[in-house]
Amino acid sequence: MRRTFLLWLMVFMIIGFFATFAISFYVQTVQAEENGHSLIQLRIEDVKQQLDINIQNLEDIRTESDLNALAKVRALAKMVELNPDIIFFDEILEDIKVMLEVDEMHISDAEGILIGGTEAAFLGYDMASDPQSAAFMPALTDKDFELVQDPMPKGINKEIFQYAGVARIDLPGIIQVGYRPEKLALSMEVADIKNLAAGFRVGKSGILMIADEDGTIVSIGDTQYLDKSLEEYGFAQGDFDDPEARSLLATVNGQKSLFAYEDYEGYRIIGLLPADEMYLNRNSTIQLLTVFNLAMFTVIFILIAFLVQKKVINGIYQVNDSLQVITEGNLDESVDVRTNAEFESLSDGINTMVAALKGTIKEVETKIDAELYYAKTIQLAALPTRILETGEHHRFNVKGSMFTAKEVGGDFYDFFVVDKNLLGVAIADVSGKGIPAAMFMMEAKSLIKHYGLTKISVSEVLRKANQSLCENNRANMFVTAFLGIIDLETGVFSFCNAGHNPPLISRQGGDYSWLKSKAYLVLGGMEDIAYCEQDIFFEPGDRLFLYTDGITEATNSAQELYSEERLLKTINRLPRDMPIGDLMLAVKEDVDSYAAGAEQADDITMLVLEYLGGKTWKSQES
Amino acid sequence: MEITRIIGEDAITIAVEGRLDTVTSSQLEQEVSDLFEQEKSNIIFDFASLEYISSAGLRVLLAAQKQVNALEAEMRIIGANDVVKEIFEITGFSDIMQID
């Protein structure tokens, strides 16, 4: 149970560990992506702000620059009004140009044809001939006309150049100055998107880039990608298809990155954050969590295992040990585990049960003992005790004795007078023990005696007894039996052995030896068995010793059998003229001393027939 | 006592080891009755390692022999030692059983 419990505990712990790991991983991943996304969004906002600031700055500078230019051209107009002739004096104009810090000065007539200025090459140029210069044409008719044009590239080198103009005051015409707006150019440079992205980073290694509406990169830190398309940089077709996808993980330029973009003021601002950096925090957090969880789960596992062992398993083992003792038969053992209420209740329950069991066993034992006693009494009562001869001569001695085992056995002996000259002796042993064996024995005994008294041959007695015993013998019981009938007048002894131990015979005070007898099948074993009898002559003084296997199969402490050999030796050691009752007692004593206190397992039954001869005729006590 | 059952092609061999007495013969009885619950089969009792047989053991053999006769199968006892063989002789079991 303990192993199973710990196994399951471990399984759940491992599941718990991995579940915690998975959840932490998921949460940390989402968090990391959220953080990464916020970081990019923040940078994009910064870029947007910088774009706004740049545009605003540019406007401020332009306004100032425009006012400045206007002031200069007004001053020139005033000078021309005061002295119209200066337009024809190049040196004066050169001086004024230097003074005003401009690069070009132009004065036209009423038709818009340049008639004076610092650039001799432009004299005669018709202002209406080009859209850029034509913008100043309204000054011919409007005295209050003022215009500062946007800076624009000019000439071959596309230098940024700006023109400002007003109406001529004294005559109809246009007064115009041109100059390089250096401050403005500088701010435009700053405002230039191209340089913007280089100033921003996302995290440590993330970058920003700006593309125009055509998907061309117009601003990026790494200048090799400038003016390249987003595809060339590594974006896949479709990365920007879904304007709703605010944040995506994609492999860009060979690096897995989180990216976000926003379209602003005609530009697409894109922020990229490498996945490695984005997950850096998550990975270190997960590592820490894993180590911590591993330690925590191990501690919890050990703690639970320890507690279960201490609070439950030990108690169970204790109860089990006590139960083992009880099962082995010691009903005096009591269970006393009081570590907690449940075990207390279990202990009390077991103790109560054992007590009840003890009571019941005692009751049953008493009852069985009584029944066995009655059965034994009946068994013993069925045995003959004495035999009364009808004549005057003392022709034989016969005596039987039975020492029952504790359990009722199935041995019996019998002797009966068939008629005045015929005496039957029998010994038998029923297979098995207990009441069934005792009952079978009673049946066998009465059958043998019944048929024996009908004066039929010994073999016929056994044949008939066998047939009767085989009927309805469902328990497959059987009985070994030796039956002999002696003609007291002639000494002829007819016998038949149905599976019984061969008897011993002593001829006229000589040594005992086995009476050679053909062994037939036990009675009750199988139907239709043919038994044959054998005849021998008894001389006066001959003794026949019948016994059951309770003697030969008595065992000592080493489980060794008493054996036929020992029986033969013992009986031959005893005096031949010993009274037959004493002879049986002496054999029993030897068996007892062999068994040396071991409980007698089987009935020990003996019968001795002593033939004294055909002449004497007297009553015999058995 | 140890009982081993070996299922062969023609017969089922039941090898008995130790002592077959009142207590242990009920085990053999169970084993044999289990066997007869299945289809008709020939039985071989291998008594090579049997030290002793009591009347309770003989009863089981007798029951088995009757059953085998009824089923018209065959039963053989092999390997019995001299002590056991003598018991078969004395009880007349050797007349009705095939003891090799």
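Among contacts in chain B between residues at least 6 apart in sequence, what percentage join residues at least 24 apart?

A: In this predicted model, the percentage is 65%: that share of the contacts in chain B between residues at least 6 apart in sequence joins residues at least 24 apart. The chain has 100 residues, and buried residues make up 48% of them. Its secondary structure consists of four helices and five strands. Read from the N terminus, these elements follow the order β-β-α-β-α-β-α-α-β.

The largest nonpolar core has 85 residues, and F45(B) and F88(B) are listed with F493(A), L523(A) and L609(A) as the residues with the most contacts inside it. Helix α10 of chain A, residues 434-452, gives this core its largest share, seven residues. Apart from this core lies another, of 21 residues, which includes L504(A), L567(A), I571(A) and M606(A).

L523(A) shows what such a position looks like in detail. With neighbours within four places in sequence left aside, L523(A) is in contact with I448(A), L462(A), A465(A), N466(A), L469(A), F478(A), V479(A), A481(A), A498(A) and Y531(A).

The largest pocket is a further feature to which chain B contributes. The space in this pocket comes to about 620 Å³. Its lining consists of 30 residues, and those nearest its centre are K433(A), E553(A), T555(A), A601(A) and D602(A). Two or more lining residues come from each of β15 (422-430), α12 (549-552) and α14 (580-595) of chain A, and from α2 (55-71) of chain B. The largest share, three residues, belongs to α14(A). By class, the lining has 11 nonpolar, nine polar and 10 charged residues.

I96(A) belongs to helix α2 of chain A, residues 90-100. Its relative accessible area is 5%, under the 20% limit, and I96(A) therefore counts as buried. Beyond its neighbours within four places in sequence, I96(A) is in contact with L76(A), M79(A), I86(A) and M105(A). For one of these, L76(A), the separation along the chain is 20 residues, and the C-alpha atoms of I96(A) and L76(A) are 8.0 Å apart.

How values were computed
Residues numbered from 1 in each chain as written. Chains lettered and ligands numbered in written order. Predicted model: local features only at pLDDT ≥ 70, side-chain atom pairs only at ≥ 80, totals over all residues. Heavy atoms only, no water. Buried < 20%, exposed > 50% of the residue type's maximum accessible area, 1.4 Å probe, protein only. Contact = heavy atoms within 4.5 Å. 1 Å grid on protein atoms, 1.4 Å probe; cavity = no way out; pocket = protein on both sides within 12 Å on 5 of 7 lines; lining within 4 Å. Points joined across faces, edges and corners; volume = space filled by probe spheres on them. Nonpolar A, V, L, I, M, F, W, Y, C, P; charged D, E, K, R; others polar. Core = buried A, V, L, I, M, F, W, Y, C linked by side-chain atoms within 4.5 Å.
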